[in-house]
Amino acid sequence: MRKEENFTLKNELGLHARVAAMLVNVSSKYDARISFEKDGIEVDGTSILDILTLACPKGSNITIRAEGTDADRAMKEFARLIENKFGED
Amino acid sequence: MDQEKIKKTVLLRGIGVSPGIVSGKAYVLDRRDVKALHYNLYGKDVIEREVERFRKALDESEKELLNIKERLGEGEEIGPLFIDVQIMILRDEKFVGSTVRNIRSRSINAEWALSLSVSRYREMFEKIEDAYLKGRIKDIEDVAQIVFRNLSGDTHESIVDIPDRVILIAHDLSPADTVQMKTEKILAFATDVGSKTSHTAIIARAIEIPATVGLKNVSEVVKTNDIVIIDGTWGTVIVNPDPELIKRYEEKRRHYHIMEEDLNKEAPLPSVTKDGHRIGIGANIEFSDEAVSAVSHGANGVGLFRTEFIYINKEQLPTEEEHYYHYQRVIETEGIKWATIRTFDLGGDKFISDPRLAEEMNPAMGLRAVRYCLREIDLFKVQIRAILRASVLGNTGILIPMISGVEEIRHVKEIIAEVKDELKKEGKPYGEGIKLGIMIEVPSAVVIADLLAREVDFFSIGTNDLIQYSLAIDRVNERVDYLYKPCHPAILRLIKQVVEAGHRAGIKVAMCGEMAGDPLYALVLMGLGLDGLSMTPLAIPRIKKIMRESTYSESTELIQNILGFMEAHEVEEYVRDYMTERFPELCPVNYEGLNERI
């Protein structure tokens, strides 16, 4: 199964270290291979440094891809995290 | 033996940030020494062993971090958040993978390979425009330092491992270092950098160990096992004192302790002069758990709860409940009769702040304090909601920092009214009697103090910024810090003007700057008519004792005398002479005698 969705980051500080750490935790939890893309640059969802170097401040548009049997569930969890602004507000 | 004899006694002056005198053996924590040696490897086996060595260092680094995290435990206000991130970086496959690849493909040692990986990330982070995200390279560099340390096999560089009962000397101390000090037996510390408001200073005061910072080169002058004397009260460090000097300091220390004990015994006595004049004494606190120590040091209330710590060291913004938790703890502390909560003052020289602000040319005059709150209203409202809700529990005031004009305070009032409406609609109670005050720390606020007084319930003068802005001197610029004079005639007049404007409008005027806690200025401030003084808890017993041993009329007389002076140094000298003669036990002595000896 392959899923792909676009998101806009709404939390104050964007993809900062703490938030990146949360994304890595989710990516590592699922069997599906997860990647994040911004402006044509795609990075590995399990690397906190990759995610940080994507440099996504508030308002960035990112694409999340998930490939694997549990891709659907992983995508839903990402959507929830981003929607809830990573629990920050 | 001869070498021992010729060790020169050196006196270093810095900023005393946490009082007390301690002498003992120094332990120099020098992280800058961890340099990466570069060399090539020959042979497949050697290369694989190097990879192994690197992985072992990673494991050890991780263990170290987990250890720190465990020590910090649950319920700590600061700490574990950045440690989690550091552990994740240690485990990052890209980071580890690129270093291992460097070792193998270039046949180089682990240190070299690791520094190449860090450089590559540095280049990548350089290109990031967002200042905050760009700054995250620091996380990687910090992690790399830990790994370098473990590669070098030096096991003594973590605070946890250093020997007991030493005086810690360092270039700088990180938040992780200072947090761990709580549990370690460090007698005192001294650092090259830092200021009174720096993170380390705040923690030193909270855990009550003497500390002197801003010594510029103490980490180079002092060697491990040197004998040093740290005087955290007056900000000096004496390196390799001769036996006589040690004796003198031991005497001074004993004296200090005896006096401290007496002072603390008397701390609960009321702050009333012999002729019945009463001044409210509050404590300036940074963490909610300091409220207990505020009471034990004799504070009637909290005059300034700096809320920055609720934000600092947190990668994510605090929730309303987190705010509420801290306010409720302070307000409900036994013995706290009132609590003034200052809305957050980030930006300027205040540590991390929202790092997006850090790039400003002149941060002290930049987007900070109330200016930032009025721009990020949603963020501000979260704090206001929590304060309003907590104010049900006791006598509470909201204090707004850095107000420069009437429009700002009106805007703040609108926001507070909106929040009250929201809470009402949600059926959530809030304290009806909550008072609103502003900090007077910008010269324009002094000039229009009469207009501002109509808008609020109280004033609190923030002398640190007021002095900096009115005398146009950057507090952190050592080339002009000699001009930083609390007793400058202009400052005395500004204070007087604010007190008079407040009193004419029937509102109280307090002071919460460093000046309020300096025993030298106690009578000056009383004579200028301030209704309340708020200071670091440790300063309270002294100030209260001075008040109890003097009269209000004595203080007004002193003011009459010094308002006649034209030059700042005349005022300073007069006040110093007067106070050290009148209260020799309570006021700082000067170091002239010591200088002659060295």
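**Polar contacts between the chains**

I looked up the polar contacts between chain A and chain B and found four residue pairs, both residues at pLDDT 80 or more. A polar contact is a pair of N or O atoms within 3.5 Å; within protein, one must be able to donate a hydrogen and the other to accept it, and residues adjacent in sequence count only if both atoms are side-chain atoms. On the side of chain A that touches chain B, the elements giving two or more residues are helix 1 (17-29) and helix 2 (48-53) of chain A. Helices (H or I, at least four residues) are DSSP runs, numbered from the N terminus. By class, I noted 12 nonpolar, five polar and six charged residues on that side of chain A. Ala, Val, Leu, Ile, Met, Phe, Trp, Tyr, Cys and Pro count as nonpolar, Asp, Glu, Lys and Arg as charged, and the others, Gly among them, as polar.

**Basis of the entries**

This is a predicted model, in which local features need pLDDT of at least 70 and side-chain atom pairs count only at pLDDT 80 or more, while totals for chains, interfaces and linings use all residues. Residues are numbered from 1 along each chain as its sequence is written, chains are lettered from A and ligands numbered from 1 in the order in which they are written, and side-chain values use heavy atoms, with hydrogens and water left out.

**Extent of the interface**

I found 23 residues of chain A in contact (heavy atoms within 4.5 Å) with 26 residues of chain B. The two chains bury about 2200 Å² between them, 68% of it on carbon and sulfur atoms. A:Leu13, A:Arg18 and A:Leu49 supply 30% of the area that chain A buries against chain B, more than any other three residues. Buried area is the accessible area (1.4 Å probe) that two parts lose on being put together, summed over both.

**Salt bridges**

I next looked up salt bridges (a side-chain nitrogen of Lys or Arg within 4 Å of a carboxyl oxygen of Asp or Glu). The side chains of A:Asp50 and B:Lys94 form a salt bridge at 2.6 Å, N to O.
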